[in-house]
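Subject: Handing over a structure

Hello,

Here is the structure I promised you. Please open it and keep it in view while you read. My notes follow below.

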Amino acid sequence: MTIIIILNILLDENKHTEETENAIAACESSKVKEDGEKSNVVGEEEKLQCPAKLQGSKTGEMTDHENKSIASKLYVHSQWLAVQSPYFKALFYSGMKETYTNEVVMKIYEDELQAHLTLIGAMYKLDVLNDKDYRLLVQVLVLANKYDVRLVIKKCKCVLLSTTLTLEMCEYILQEMERLSDKADIYEMLEKFLVKEFTPIDETWTMQKFTELSEAALRLLLRSDNLGSRSENTVFVALMKWVKSNLSFRVRYICDLLDLVRFEFMTIDFLVDMVQEHTIARRMPGFNTYLLNGLAYHGYSQIRREQLEPKPKKRRLVESAGPTFSWVIDDQLREKLSKFTEVSVFSNRFWYQGYAMQLQLTYAKNLKKCSFYLVIRDLIGKACLYASFKAKSKLFYANTVQIKKHVFTFSQSSWGKKCIELNPVSVVNGHTIDV
């Protein structure tokens with residue numbers, strides 16, 4: 001349904017009648033009924049006390065072919081609106097036919113009505129924006145940009161910048177403000193929120209909230225220099241996870257997202273072994289160029305790296321505060337290990353610096369010893385990875401299993417120890433293995 005706002009111009013700035021007491025309140029409280037009629041019942045508590053004395057009221061219902069429309073009259077002071085907005089100045093004083101009439105018609109959609117009324121109310125009294133819902137604030141901000149109402153723009157931004165954000169709010173703001181040109185300060189606020197929400201990315205990229213990010217939020221997050229990470233390898237893996245979860249086969253091969261990853265700071269082995277043959281990445285636009293730049297960077301001397309323009313910048317490094325992965329051996333898993341001895345069980349997958357890993361545990365028949373291994377997944381071809389690990393658990397009699405650096409390859413993807421003496425108490429009770 002279309003709403004037609006008729007701006008009734010008050011030429012006498014001192015005019016004050018009973019009609020002007022209800023300002024925008026009548027329009028704000030009007031409800032469109034199923035039959036297309038509109039109610040104008042306004043409670044005293046709903047009235048907008050505005051020094052400009054605006055008035056909203058129903059003037060009639062119009063039918064344009066099959067499209068219904070409702071006309072609402074809004075009393076405004078032309079000079080006041082013209083001072084604040086070049087759009088209204090042109091509307092009222094451009095010499096066009098609107099200049100010579102006391103009524104100017106603005107045709108808007110029904111879902112834009114509340115934002116228009118709030119915008120005009122804010123042009124008289126900025127404080128009306130203080131308690132508004134963030135959705136309405138963003139809508140008013142978009143309109144204020146459209147009509148170049150600078151004081152309202154500043155006020156909307158001020159209120160938004162003082163708001164406690166959520167992911168839902170962040171996504172809504174990004175969606176509604178996509179086409180605005182002056183949004184740097186709001187985007188800076190959103191970036192800070194996203195960075196705080198997803199740092200370190202090593203621990204959050206496997207969560208549902210990451211894969212559910214919009215493309216706009218993803219770009220804002222992964223482009224940030226302040227995003228904390230333990231390895232750029234992880235950023236690549238996270239991006240590939242998002243692409244696989246959100247883009248169809250046809251779209252992912254034309255969507256340029258690889259610039260969000262800093263190929264120069266991925267490890268050389270990861271670039272060669274994991275990135276080079278990645279089934280999704282290799283078909284995305286610009287892949288060969290990004291890969292070549294990453295490989296070349298590792299071959300440059302320090303002098304040449306310093307001469308690069310623009311210089312690639314590392315993300316903020318976040319050190320691990322605890323174990324990389326904790327495997328909980330609950331009662332159900334403990335029973336399986338004890339019942340089906342010499343049969344291996346595997347943990348869920350976890351990631352370290354972009355590499356997928358699992359833990360492997362097997363009980364001996366006499367339940368006095370076990371075998372424990374770290375397995376590197378997804379190694380293909382001639383890929384290799386040198387790694388060492390330490391596992392701590394009350395399960396082991398010595399509490400610790402430590403494996404010095406070994407090479408993991410496609411054919412030898414697991415390393416660990418056999419015949420590890422078990423703690424008899426832990427065989428009966430549940431426990432955790434921290435790696």
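Two strands count as paired if DSSP finds at least two bridges between them. You will need that for the strands below. Keep in mind that this is a predicted model.

**Confidence**

The average pLDDT of the chain is 82. At least 70 is reached by 80% of the residues. Take care with residues 11–66, where pLDDT stays under 50. The model has 108 contacts beyond four places in sequence for that stretch.

Start with S12, which covers residues 355–363. How many of its residues are buried? The count is 9 of 9. Both faces are covered. One side carries Tyr355, Met357, Leu359, Leu361 and Tyr363. The other carries Ala356, Gln358, Gln360 and Thr362.

Which strands pair with S12? Here they are:

- S10 (residues 345–346) pairs with S12 in the antiparallel sense, over 2 bridges. Phe346 has Gln360 of S12 as its bridge partner.
- S11 (residues 350–352) also runs antiparallel to S12, with 3 bridges joining them. Look for Trp351, which stands opposite Ala356.
- S13 (residues 369–376) is antiparallel to S12 too, over 7 bridges. Here Tyr363 stands opposite Cys370 of S13.

Now check the turns. The hairpin of S11 and S12 has 2 residues between the strands. Gln353 takes a positive phi near 50° in that hairpin. S12 and S13 form a hairpin with 5 residues between them. In its turn, Leu367 has a positive phi of about 60°.

Gln358 sits in strand S12. Why does Gln358 count as buried? Its relative accessibility is 11%, and buried means under 20%. A polar atom of the Gln358 side chain lies 2.8 Å from the backbone oxygen of Ser347. Leaving out residues up to four places away in sequence, Gln358 touches several others, among them Phe346, Phe350, Tyr373 and Arg377.

**Salt bridges**

How many salt bridges does the structure hold? There are 18. These are the ones I looked at.

Arg315 and Glu232 meet through their side chains at 2.8 Å, N to O. This pair links distant parts of the chain, 83 residues apart. Arg315 is in the loop between helix H16 (302–307) and strand S8 (316–317). Glu232 is in helix H12 (residues 232–246). Arg315 and Glu232 are both buried.

Lys311 and Glu309 form another salt bridge, at 3.1 Å, N to O. Are these two buried or exposed? Lys311 counts as partly exposed because its relative accessibility is 46%. Glu309 counts as exposed because its value is 65%.

Arg334 and Asp331 form a salt bridge at 3.8 Å, N to O. Both lie in helix H17 (residues 331–339). They are 3 residues apart, about one turn of the helix. Arg334 has a relative accessible area of 19%, so Arg334 is buried.

Last, find Asp133, Arg135 and Glu168. A network of salt bridges links these residues.

Best wishes

Terms used:
Residues numbered from 1 in each chain as written. Heavy atoms only, no water. Buried < 20%, exposed > 50% of the residue type's maximum accessible area, 1.4 Å probe, protein only. Helix = DSSP H or I, 4+ residues; strand = E, 2+ residues; numbered from the N terminus. Polar contact = N/O pair within 3.5 Å; in protein donor to acceptor, adjacent residues only side chain to side chain. Contact = heavy atoms within 4.5 Å. pLDDT = per-residue confidence, 0-100. Salt bridge = Lys/Arg side-chain N within 4 Å of Asp/Glu carboxyl O.
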